[in-house]
Amino acid sequence: MPELDHNGVTLHYEVEGSGPTLLLLSGMLSDSATWAPLLPLLAGYRVVRIDNRATGRTVPLDAPVDMAIMVGDALAVMDHLGCDRFHIAGHSMGGLMGLEIAGVAPERVASLSVMASGRVRIPRINGVFDALVAVRKGPEGERLWLRALYPWVFGSAFFEDPETAELTVEAALAYPHAQTLGAMKHQIAMFKQMRLVADLRTLTLPVQVMYGTEDVLVPPEMAQPGFAVLPNLTEHWLEGAGHSVVWDATQTVAEHLNAFIAAHPI
């Protein structure tokens, strides 16, 4: 099991394949497993996935965490793997992590793909997280909070078959490394205080941003202005995708990711 002891935690990470290195950074309430549907479509890369603090198999789950610490964790894993230069793809908070990594180590990032993310404060997100915690603390909370989450992260097509949500709930409940309620609260507290310091106007590396047209958690019209200052920006709108673009639009995400990396080789 790949692990790295670093700065007070044991970081869990996964490495698959060979070729140019692609670092995948997960969003809130998820760990490295969130990339599962995309992995078969990323042939030709050495794919590195990290369990961020307060998620998955990185322990202890209550270790100190903020954006700068997570950026340091990711760079430590890359150092440990002997990788001087790499591509990054990040979902939601992972996209913000990618921008911060590019801010502190621009010479190391060959390209950055940001998915369903926004460098803008959206107070409603805090309301959603607080409501999910309240539901999870109640009777049958482990099942009900997942059902409450899905309308916020999936597009309309997910709900066309009533069995889909129930099967997804069962799969999530069966996952042995699911985020605990305590770790969830710890990560949400970090998110509410999160500070971003990278000046996007100075990031000259190639950045592509993918928006889900049905993303109600981070609506594209709210996120797009924050990315407009990037000097080397490519944008894509994923039709019918909600916030969870990796699951809602797997094939399209892979096509954009593969093409972008190919256009900016290491």
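1. Is Glu100 buried or exposed? With a relative accessible area of 4%, Glu100 is buried (buried is under 20% relative accessible area, exposed over 50%, partly exposed in between; 1.4 Å probe, protein chains only).

2. The model is predicted, so local features need pLDDT of at least 70 and side-chain atom pairs count only at pLDDT 80 or more, while totals for chains, interfaces and linings use all residues. Residues are numbered from 1 along each chain as its sequence is written, and side-chain values use heavy atoms, leaving out hydrogens and water.

3. Eleven salt bridges are counted, each defined as a side-chain nitrogen of Lys or Arg within 4 Å of a carboxyl oxygen of Asp or Glu.

4. Glu100 has Arg119 as a salt-bridge partner, with 3.2 Å between the closest N and O atoms. Arg119 sits in the loop between β6 (109-115) and α3 (123-137) and Glu100 in helix α2 (residues 93-104), so the pair ties together parts 19 residues apart in sequence. Helices (H or I, at least four residues) and strands (E, at least two) are DSSP runs numbered from the N terminus. Arg119 is partly exposed at 24%.

5. Arg49 and Glu16 form a salt bridge at 2.3 Å, N to O. This pair links strand β4 (residues 46-50), which holds Arg49, to strand β2 (residues 9-16), which holds Glu16, across 33 residues. Arg49 is buried at 8% relative accessibility; Glu16 is partly exposed at 27%.

6. A network of salt bridges links Arg143, Arg147, Glu166 and Glu170.
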